[in-house]
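Work through these exercises with the model open beside you. Try each task before you read its solution.

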Amino acid sequence: MSDDVRDADLKKAEFGQTDAAGPETTSINMAQAKENGFTKLIKAQAFQILIVLIVIVAIFSALAPDTFAQLSNLRLVVQNASILAVLGVGMTFIIITSGIDLSIGSVLVFSGVVSAIVMRAIGGDDWGTATIGIIVSILSGLAWGIFNGVLISKAKVPPLIVTLGSLGMALGLSQIITGGVDIRQVPSVLTTSIGYGNILGGIPIISVIALVIVIIGAIVLHKTKFGLYTYAVGSSEEAARRVGVKVDRHLIKVYALSGALAGLAGILSLSQFSTTAIAGQSQTNLNVIAAVVIGGTSLFGGYGTIFGTVVGLFIPAVLQNGFVITGVQPFWQQVAVGAVLIAAVYVDQVRRASAARGASTSLWRHFARRNNK
Amino acid sequence: MTTPVLEARGLSRAFGHVRALDDVDFEVYPGEVTALIGDNGAGKSTLVKALSGNLAVDTGVIKFEGNPLQLTNPMQASALGIETVHQDLALAPHLDPVQNMYLGREVMKSGIGGAFGFMNVAEMRKESRRAFDELGATVRSLTSPVGSMSGGQRQAIAIARAVHWANKVVFLDEPTAALGVRQTKNVLETIRRVRDKGIAVVFISHSMPHVMEVSDRIQVLRLGHRAAAIDTKSTNMEELVGLMTGASTRGVA
């Protein structure tokens, strides 16, 4: 193709003009034949970020084949990412509604604290006590989620502010309840099973729990009416409201889901670390948000996948692990993750801008146009 | 004469000191395109809102198929088979045409799957395709987000959605305002097909040529009042403009 023709084509795309036999007259069947599953897959941001992850893993594997590229190391990475994955599922739903939840780290701590106190009060070191502890933890998180959701949907306070407020409140209340001293009595049935137990010859139980949550989350988001409404509310609240979607109620449910998952993460954390770790979750919210956004979920709502979030979680996790193993100062992880985060949001912006123009959402087209100018 | 499918008698609505609707009469007949025209601020949008359940009126009666009723919300109007295509279309840009078509009215899987919230996507896709084909709507793809489509296609999807759910009355608020020549032609063609299905179409427009081309009956609003209700065949553009601006009067006033 000569440069002139190419230029004309790109200009046409830019102004959304079409030839005489352009898309307006393209039949459904013709258009769908062009857009098969494979090209869609390649266009998905989650897939692009997966390639980045694979490249990172390949580099570290080449640098440290004896230490990094070992099953035991992989297990460690997966185990460390498990709690964040549980939180990431809830956060993905929330960000797709174009909301945000800053409170998850504090809610995790609060749920763990309340659960630990209840289990200590009951005494006992059996599954009965542990089950009550698990339920209490999830319910505590659920309560915070409903609190957030009601204020956001009914009182119309922006999510950033509501969850910033509940971040402080949940953490403050945790410290008031405990007097600022971590509780370290956790039933050993929890620590030996969920905490560091394995099944099927070496798969951490905590990771299995996270995987189950991730799979259920993905099915709910992508296959059910609940998931569809989540996208609809994030895409256009007004459009959803006009066709009779109960937007307020749906938002409350989504924040409640995130809260309940933070509660579950609370009991997982309690089991894994045998302590309430009150001061240990100050960065959790930002890490989870970063993972969700790196995974291609749009901060502006309406777009995102659970798969992307999982991939987005592993990029920081693998970087951290890889830097430690290869002897790079692990502080570089923060620098690298920050750069990936900004790049991911930039890619999302480009995609949204071209979607708004009705043009192709392919990144290559975008860069090609840049170079032609 | 047949009974109007939707009829309004003496509707009034004031916003503070402004009387947006002042004793307005209005009627729509099945299988006809009724154009609703008027200058900016004549009360067209207010009237449509009142008739689609989006706005309560101060006084007046709304009759549906001859029976008086209170329209309090848009869902009630939808249940009666009355749909509105607003100027902003109210489509969710990230969802595909099928999801938009069925948003809020999903077809669920039967049995246990449906109880868990699983939708019958195949059924919805099949029905959507049928609905688009029936209107001759050229939808680029049933699986691409609506936001990536052209204005004409989005308009077609919004109209197809309204027609799919409305079996009595469809309100189209300026459906051709933002469209090019060809897309406009498609929309006007769509309006005719909807009418031929026996559905009453209320077509709001500023474009007199489009009104003359597609409507069977024209109702002119002026300053919140009905200035005229006339047969399209018995009028011309100059007269319509005169009626809209108040330069001439005719018919019921």
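The exercises below concern a predicted model.

**Exercise 1. Overall build of chain B**

Task: Find how many helices and strands chain B has, and decide why its radius of gyration agrees or disagrees with that of a compact globule.

Solution: 
- Step 1. Count the elements. Chain B holds 9 helices and 10 strands.
- Step 2. Look at the extent. The C-alpha trace of chain B spans about 60 × 40 × 35 Å along its principal axes.
- Step 3. Compare with the rule. A compact globule of 253 residues would have a radius of gyration near 18 Å. Chain B has 19 Å, so the two agree.
- Step 4. Check burial. In chain B, 48% of the 253 residues count as buried.
- Step 5. Check the contacts. Take the contacts in chain B with a separation of 6 or more: 67% of them join residues 24 or more positions apart.

**Exercise 2. An open sheet**

Task: Give the strand order of the open sheet in chain B that has 4 strands, and say whether the pairing is parallel or antiparallel.

Solution: 
- Step 1. Strands of a sheet pair through backbone hydrogen bonds, either parallel or antiparallel.
- Step 2. Read the order. In chain B it is β2-β1-β4-β5, and the pairing is antiparallel.
- Step 3. Find the edges. They are β2 (18-28) and β5 (67-69) of chain B, each of which pairs on one side only.
- Step 4. From one strand to the next, it averages 30°.
- Step 5. Zoom in on one pair. Strand β1 (residues 6-15) of chain B is joined to β2(B) by 7 bridges. One bridge pairs F15(B) with V18(B) of β2(B).
- Step 6. Helix α1 (residues 44-51) of chain B lies across β1, β2 and β4 (59-64) of chain B. Helix α1 runs at about 60° to β2(B).

**Exercise 3. A strand with two partners**

Task: For strand β9 (residues 217-222) of chain B, work out how many residues are buried, then describe its pairing with β3(B) and with β10(B).

Solution: 
- Step 1. Start with burial. In β9(B), 5 of the 6 residues are buried, so the strand is mostly covered.
- Step 2. Take β3 (residues 33-38) of chain B. This strand pairs with β9(B) in the parallel sense over 5 bridges. T34(B) stands opposite R217(B) there.
- Step 3. Take β10 (residues 225-231) of chain B. Here the pairing with β9(B) is antiparallel, over 6 bridges. I218(B) has I230(B) as its bridge partner.
- Step 4. Look at the turn. β9(B) and β10(B) form a hairpin with 2 residues between them. In the turn, L223(B) has a positive phi of about 50°.

**Exercise 4. Two packed helices**

Task: Helices α6 (residues 151-165) and α7 (residues 181-196) of chain B pack together; find the angle and the distance between their axes.

Solution: 
- Step 1. Know what to look for. Two packed helices are described by the angle between their axes and the distance between the axes.
- Step 2. Read the values. The angle is about 10°, and the axes are 10 Å apart.
- Step 3. Apply the cut-off. Angles under 35 degrees count as roughly parallel. Therefore α6(B) and α7(B) are roughly parallel to each other.
- Step 4. Find the contact. On the α6(B) side, the residues include G151(B), A156(B) and I159(B). On the α7(B) side, they include N186(B), V187(B) and T190(B).

**Exercise 5. Core and cover**

Task: Name the residues with the most contacts inside the largest nonpolar core, then find what the buried residues of α11(A) pack against.

Solution: 
- Step 1. In soluble globular proteins, nonpolar side chains tend to be buried together.
- Step 2. Size the core. The largest one has 168 residues, and V86(A) and V169(B) have the most contacts inside it.
- Step 3. Find the main contributor. Helix α13 (residues 247-273) of chain A gives the largest share of this core, 14 residues.
- Step 4. Turn to helix α11 (residues 225-235) of chain A. Of its 11 residues, 10 are buried. Among them are L228(A), Y229(A) and V233(A).
- Step 5. List the packing. The buried residues of α11(A) pack against α5, α10, α12 and α13 of chain A, together with α3 (97-102) of chain B.

Notes
Residues are numbered from 1 along each chain as its sequence is written. Chains are lettered from A and ligands numbered from 1 in the order in which they are written. This is a predicted model: local features need pLDDT of at least 70, side-chain atom pairs count only at pLDDT 80 or more; totals for chains, interfaces and linings use all residues. Two strands pair if DSSP finds at least two bridges between them. Axes are lines fitted to C-alpha atoms, for helices over the stretch in contact, and angles run from 0 to 180 degrees between N-to-C directions. Two residues are in contact if their C-beta atoms, placed from the backbone, lie within 7 Å. A residue is buried if 20 or more other C-beta atoms lie within 10 Å of its own, exposed if 12 or fewer, and partly exposed in between; C-beta atoms are placed from the backbone. A nonpolar core is a set of buried Ala, Val, Leu, Ile, Met, Phe, Trp, Tyr and Cys residues joined through C-beta atoms within 7 Å. The radius of gyration is taken over C-alpha atoms; the globule rule is 2.2 Å times the number of residues to the power 0.38. Angles under 35 degrees count as roughly parallel, over 145 as roughly antiparallel, 65 to 115 as roughly perpendicular and the rest as oblique.
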